[in-house]
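Hi,

Here is the structure I promised to pass on. Have a look at it first, and my notes follow below.

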Amino acid sequence: MEKKYFLKKDEDFKKVYKKRKTFGNRNFTLYIRRNGLDHSRMGFSINKKVGKAVVRNKIKRRLRALYGDIYPRLVPGYDLVVVVKNNVADLNFKETSSAFYHLMRVSKMSKGGRRS
């Protein structure tokens, strides 16, 4: 996916944290804010307590893959920040994807069902 579909700058993250709607489950917390663009953007926040750099990067790779999969079904015009909780380091890809899709359904950001 192109860089324009991701949040990179600290000021963008801060805007989402400041004026937001919050949703969560056992593994993730999702912050949502309108961005006024014709596409949605997503950013990931992973604390150093989650694990060492290798573990955090593995989680980010998995989340980017899941985001690329669900992007066509996302409601356009929102900035989303996914905050990863500590226990995600112990999950396999199937459990991570289940929790991610659950979060998207709960927040009503996903328009369609999950792709098998």
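Which residue forms a salt bridge with R41, the closest N and O atoms being 2.8 Å apart? That would be D79. By salt bridge I mean a side-chain nitrogen of Lys or Arg within 4 Å of a carboxyl oxygen of Asp or Glu. The pair links distant parts of the chain, with D79 in strand β4 (residues 78-84) and R41 in strand β3, 38 residues apart.

Before I go on, a word on the model: it is predicted, so local features need pLDDT of at least 70 and side-chain atom pairs count only at pLDDT 80 or more, while totals for chains, interfaces and linings use all residues. Residues are numbered from 1 along each chain as its sequence is written, and side-chain values use heavy atoms, leaving out hydrogens and water. Helices (H or I, at least four residues) and strands (E, at least two) are DSSP runs, numbered from the N terminus.

Back to the salt bridges. A search of the whole structure turns up three. R41 also meets D12, at 3.9 Å from N to O. R41 lies in strand β3 (residues 41-46) and D12 in helix α1, so this pair ties together parts that are 29 residues apart in sequence.

How covered are these side chains? I call a residue buried under 20% relative accessible area, exposed over 50% and partly exposed in between (1.4 Å probe, protein chains only). R41 counts as buried at 16%, D12 is buried at 12%, and D79 is buried at 3%. Salt bridges that share partners join D12, R41 and D79 into one network.

Another salt bridge pairs D10 with K14, where the closest N and O atoms are 3.1 Å apart. Both sit in helix α1 (residues 10-18), four residues apart, or about one turn of the helix. K14 is exposed, with a relative accessible area of 53%.

One more thing to look at is K108, in the segment after α3 (93-106). Most residues other than glycine have a negative phi. K108 is not a glycine, yet its phi is positive, about 60 degrees. With 65% relative accessibility, K108 counts as exposed.

Finally, R64 lies in helix α2 (residues 53-70) and is partly exposed, at 38% relative accessibility.

Over to you, and happy browsing!
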